[in-house]
Amino acid sequence: MFRLIQLQAQQGVPRIGVDPDGYGSERAALARYRETPTMFSGVGRFDAAGRLAEIIMDSACGSASGCSRPAAVVHADTFQRLCDTCAFGLSVLTLPELALRLGVAVRPAPVLAPSGRHAAPEESSPVGNRIAREFASHVDDPVWRMELCAELARTPSAINGLMIGVGALSHRAVLDHYPSLCALGTQLPSVVHADLVRATARPLSPAGVTALRLGL
Ligand SMILES: [Zn+2]
């Protein structure tokens, strides 16, 4: 038996709300879930005794900005699903960590094929767009790097442009520009620097890749 569930935090304690309607298959429950994705967190599988046996989490980022990237983690306090980009700098739990907190297995739902919702533009910040576009051709320019760091201090969302720009470099380009990348790594605003250093714990995430390529 499958039911739609809601994962909320009450005074920091996770609370699992269960919708009364039951479904015979995970597929049917997920289809129902996807009609009103903002109301629920995912689907729960209940065993024969009616106990919650497993949580199947939605695969899309649940950030308020309408982000379309796949969710990778949940916010440590609100249990909001977040992608690696939206989670940058926040305190988060991986799905195995969340499972430990809840005492129930948690796994991601199968990813939906691209649709209207997923066709949203990847990056909506003009500053971030410009940084991403200029990164490869300007990173060797010390004045441009200084301006970039000032921009990162002023506009926190500009970090997305940095992650896109760094992530788009080929391995060859990383080697060619490595001294400049490391110089940038030492010049970053301290908050960004600290967040990126933390991100090296997840080296395959965009932030983790950025941190490692900047020599952090
Ligand atoms: Zn996101």
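This is a predicted model: local features need pLDDT of at least 70, side-chain atom pairs count only at pLDDT 80 or more; totals for chains, interfaces and linings use all residues.
**Ser 190.** I started at Ser 190, which sits in helix 8. Is Ser 190 buried or exposed? I counted 8 C-beta neighbours inside 10 Å, so Ser 190 goes down as exposed; the cut-off for exposed is 12 or fewer. I also checked Ser 190 against Ala 153: they are 37 residues apart in sequence, and their C-alpha atoms are 8.9 Å apart in space.

**Helix 8 and helix 9.** Since I was in helix 8 already, I looked at how it packs. Two packed helices are described by the angle between their axes and the distance between the axes. For helix 8 (residues 190-199) and helix 9 (residues 206-213), I got an angle of about 105° and axes 8 Å apart. The range for roughly perpendicular is 65 to 115 degrees, so helix 8 and helix 9 are roughly perpendicular to each other. Which residues make the contact? From helix 8 I noted Leu 196, Val 197 and Ala 199, and from helix 9 Ala 207, Gly 208, Thr 210 and Ala 211. Sorted by class, the residues of this contact come out as 5 nonpolar, 2 polar and no charged.

**Leu 181.** Next stop was Leu 181, in helix 7 (residues 178-187). Leu 181 has 24 C-beta neighbours inside 10 Å, so I wrote it down as buried; buried takes 20 or more. What does Leu 181 touch, leaving out residues up to four places away in sequence? My list reads Val 139, Val 174, Arg 213, Leu 214 and Gly 215. I looked again at Val 139: it is 42 residues from Leu 181 along the chain, yet their C-alpha atoms are separated by 7.1 Å.

**Phe 79.** Then I went to a loop, the one between strand 5 (73-75) and strand 6 (81-82), where I found Phe 79. Most residues other than glycine have a negative phi. Phe 79 isn't a glycine, but its phi is positive, about 65°.

**The core.** I wanted to know what the largest nonpolar core holds, and it has 50 residues. Val 43, Leu 82 and Ala 87 have the most contacts inside it. Helix 5 (residues 159-167) gives the largest share of this core, 5 residues. The core also draws at least three residues from each of domain 1 (2-110) and domain 2 (126-213). I followed up on Ala 87: not counting residues up to four places away in sequence, it touches Ala 72, Val 73, Leu 82 and Val 92.

**The two domains.** The bounds, 2-110 for domain 1 and 126-213 for domain 2, come from the domain assignment of the protein. Taken over C-alpha atoms, the centres of the two domains are 31 Å apart. How many residues meet between the domains? I found 5 residues of domain 1 in contact with 7 residues of domain 2. On the domain 1 side, that's 2 nonpolar, 2 polar and 1 charged.

**Whole protein.** Last, I stepped back. I noted 9 helices and 8 strands, and a C-alpha trace spanning about 65 × 35 × 30 Å along its principal axes. Of the 216 residues, 31% are buried. Among contacts between residues at least 6 apart in sequence, 52% join residues at least 24 apart.

Methods:
Residues are numbered from 1 along each chain as its sequence is written. A nonpolar core is a set of buried Ala, Val, Leu, Ile, Met, Phe, Trp, Tyr and Cys residues joined through C-beta atoms within 7 Å. Helices (H or I, at least four residues) and strands (E, at least two) are DSSP runs, numbered from the N terminus. Domain bounds come from an automatic or database domain assignment. Two residues are in contact if their C-beta atoms, placed from the backbone, lie within 7 Å. Ala, Val, Leu, Ile, Met, Phe, Trp, Tyr, Cys and Pro count as nonpolar, Asp, Glu, Lys and Arg as charged, and the others, Gly among them, as polar. Axes are lines fitted to C-alpha atoms, for helices over the stretch in contact, and angles run from 0 to 180 degrees between N-to-C directions. Angles under 35 degrees count as roughly parallel, over 145 as roughly antiparallel, 65 to 115 as roughly perpendicular and the rest as oblique.
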